[in-house]
Amino acid sequence: MIVFDGVSFSYGSRSVLRGVHLSVGFHERVAVLGGSGEGKTTILRLILGLIKPDEGRVLIEGDDITGKSEEGLRDVRMKFSIVFQEGALFDSLDVKENVAYCLREYTSMSEEEIDARVREILGSVGVEQAIHLMPEELSGGMHRRVSIARSLALGTPKMFLYDEPTTGLDPVNADNICRLISDLSKDGRGFIMVTHKVSDALKVADRFIFLKDGSLLFDGDSRGLLHTDAPEIRMFVEEINYQGPGCR
Amino acid sequence: MDIKGLLSDLQDFYALSFRGLLGIVRRPFYFKDAMIQMDYAGAGSLVIVFIVDLFVGMALSLQLSAELSSLGMKMYIGMIVGISVVRELGPVVTALVFTGRVGAGMASELGSMVLGHQVDTIRVFGFDPVKKLVVPRIVSSLIMLPALTVIGVAVSLLGGYYIAVFVSHQSGTFYWSSIRNILTMENVLAGAIKPFIFGYLISSICCYMGLSTKGGAVGLRQSTTMAVVMSIVMIIISDFLLTRVLLYVLGFSV
């Protein structure tokens, strides 16, 4: 369970989160929605301890990570698998080395074993053919897939964190990424997906959180989201050309 | 910038510099990363160091021969070129070239890694960004800048030789014999210590500026510019201070 207990956070003088209370189970499929600069990505960074809240606590499985050192946060971070916005692949390494990054550091696998493991993971996300390409040679969709593959290299996380996984992708690629996200969660592992695309969120998530002015404006299911009277949310819902959830 | 922010930045810079230095002797060691950085900083800078130092040596020799010929003292060209290059110009010019090429590269690379969440990725994977990114760059600067300085000094002396012999029509044997005479332990030490200090300063400043990047392309431009400007200013200031200290320690009378 991830718990935000009265969490506030600001970037300089700009307040992003204001006393947020939130609980998310590791099995839940959550979409965090909201406009740009509303603190969606900040929530993911707080969960991983990449930034510390100004006020309040973040608890992961009852463990307060707020005051933990980088060393202490290592075990916490290993529970998650994160895909950052635009993939965050290492530019200087090819796809194979990106995926093998942690394998080389944390395991004593031979070169053959690493090669086999990397091919297996890349195959599971459908980009095995890209194994020798450099990140700049990948399309947007392949970039995200490789990033997901890299996050899976060390093993099975308890939960996935996706930061704008479909942003900048054409509808076909975005749909493919949604399918992949759904497939990876079929065994009961949940995810938190940060996005401003309500249509993509509706395809994969069960629970929807809408952030506005540093607070949770909405926290509920798709039915509640689509029928809410809150004008800020209605603008998001009405702007999309909702095609209906089709990935599951 | 407010005083509180400036002090906070200075504190962060000192902390990063110290951790970077400490990381050289503390596990884990990332030899492969250090080798990649050394290749970029050393082999990659060789040509530009060669060109710049060659022309600095030639210009210096030309200036001296113009001035000294009117005094009938052209035979001192070798000695003055040698002392200037070994003690002062070689280390400083090479450090400035190193800043422009390697330092700017460090700041912009780390800055774009910050903006592209690659540094966050490294942290999420359980690596210490200081160990993984900063220490290899400090190590490469501490090794490659002194090596480049030695090459730069040699090339400058060659440039000085060319002008002294083929333009000023001095004896080449006398030029090299003057150079040999000034290559005393004191003179060599006075020039040899500087590149280590400069290398540490350049890498620390540029890594700090790179890792402090905020705010997209404009932020990246600002951090890279700041990294180069601060490094150049610090090289010049520390060169003066080092010269003062080294002259005193090595027993030169001023």
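Tutor: We begin with a single residue, and note that this is a predicted model. A:Asp206 has a relative accessible area of 39%, so A:Asp206 is partly exposed.

Student: Which residue does A:Asp206 meet in a salt bridge?

Tutor: The general idea is that side chains of opposite charge can pair when their charged atoms come close. In this case the partner is A:Arg29, with 3.3 Å from N to O. The two sit in distant parts of the chain, 177 residues apart: A:Arg29 belongs to strand 3 of chain A, and A:Asp206 to the loop between helix 7 (198-204) and strand 9 of chain A.

Student: Is A:Arg29 buried or exposed?

Tutor: Buried means under 20% relative accessible area. A:Arg29 has 15%, so A:Arg29 is buried.

Student: How are strand 3 and strand 9 of chain A joined, and do they run parallel or antiparallel?

Tutor: Strand 3 (residues 29-34) and strand 9 (residues 207-212) of chain A run parallel and are joined by five bridges. One bridge pair is A:Leu33 with A:Phe210 of strand 9 of chain A. Of the six residues in strand 9 of chain A, five are buried.

Student: Which strand pairs with strand 9 of chain A in the antiparallel sense?

Tutor: That is strand 10 (residues 215-220) of chain A, again over five bridges. Here A:Phe208 stands opposite A:Gly220. The two strands form a hairpin with two residues between them, and A:Asp213 in this hairpin has a positive phi near 55°.

Student: How many residues of strand 7 of chain A are buried?

Tutor: Strand 7 covers residues 159-163 of chain A, and five of its five residues are buried. To read a strand, also check which way each side chain points. A:Met159, A:Leu161 and A:Asp163 point one way, whereas A:Phe160 and A:Tyr162 point the other way.

Student: Which strands pair with strand 7 of chain A?

Tutor: Strand 6 (residues 80-83) of chain A pairs with strand 7 of chain A in the parallel sense over four bridges. In that pairing A:Phe80 has A:Met159 as its bridge partner. Strand 8 (residues 190-194) of chain A also runs parallel to strand 7 of chain A, with five bridges joining them. There A:Phe160 stands opposite A:Phe191.

Student: Which residue forms a salt bridge with B:Lys132?

Tutor: B:Asp33 does, with the closest N and O atoms 3.4 Å apart. B:Lys132 lies in helix 6 of chain B and B:Asp33 in helix 2 (residues 31-41) of chain B, so the pair ties together parts that are 99 residues apart in sequence. B:Lys132 is buried, with a relative accessible area of 7%, whereas B:Asp33 is partly exposed at 23%.

Student: Where is B:Leu133 found, and which residues is it in contact with?

Tutor: B:Leu133 is found in helix 6 (residues 129-167) of chain B. Leaving aside neighbours within four places in sequence, B:Leu133 is in contact with B:Leu110, B:Met113, B:Val119 and B:Ile122. B:Leu133 has a relative accessible area of 5%, so B:Leu133 is buried.

Student: How many residues does each chain bring to the contact between chain A and chain B?

Tutor: For an interface, read the residues, then the area, then the pairs. Chain A brings 20 residues and chain B brings 14 residues. The buried area is about 1700 Å², and carbon and sulfur atoms give 57% of this area. Two salt bridges cross the interface. One joins B:Asp120 to A:Arg45, with the closest N and O atoms 2.2 Å apart. Nine residue pairs are in polar contact between chain A and chain B.

Note on methods. Residues are numbered from 1 along each chain as its sequence is written. Chains are lettered from A and ligands numbered from 1 in the order in which they are written. This is a predicted model: local features need pLDDT of at least 70, side-chain atom pairs count only at pLDDT 80 or more; totals for chains, interfaces and linings use all residues. Side-chain values use heavy atoms; hydrogens and water are left out. Buried means under 20% relative accessible area, exposed over 50%, partly exposed in between (1.4 Å probe, protein chains only). Contact means heavy atoms within 4.5 Å. Buried area is the accessible area (1.4 Å probe) that two parts lose on being put together, summed over both. A salt bridge is a side-chain nitrogen of Lys or Arg within 4 Å of a carboxyl oxygen of Asp or Glu. A polar contact is a pair of N or O atoms within 3.5 Å; within protein, one must be able to donate a hydrogen and the other to accept it, and residues adjacent in sequence count only if both atoms are side-chain atoms. Two strands pair if DSSP finds at least two bridges between them.
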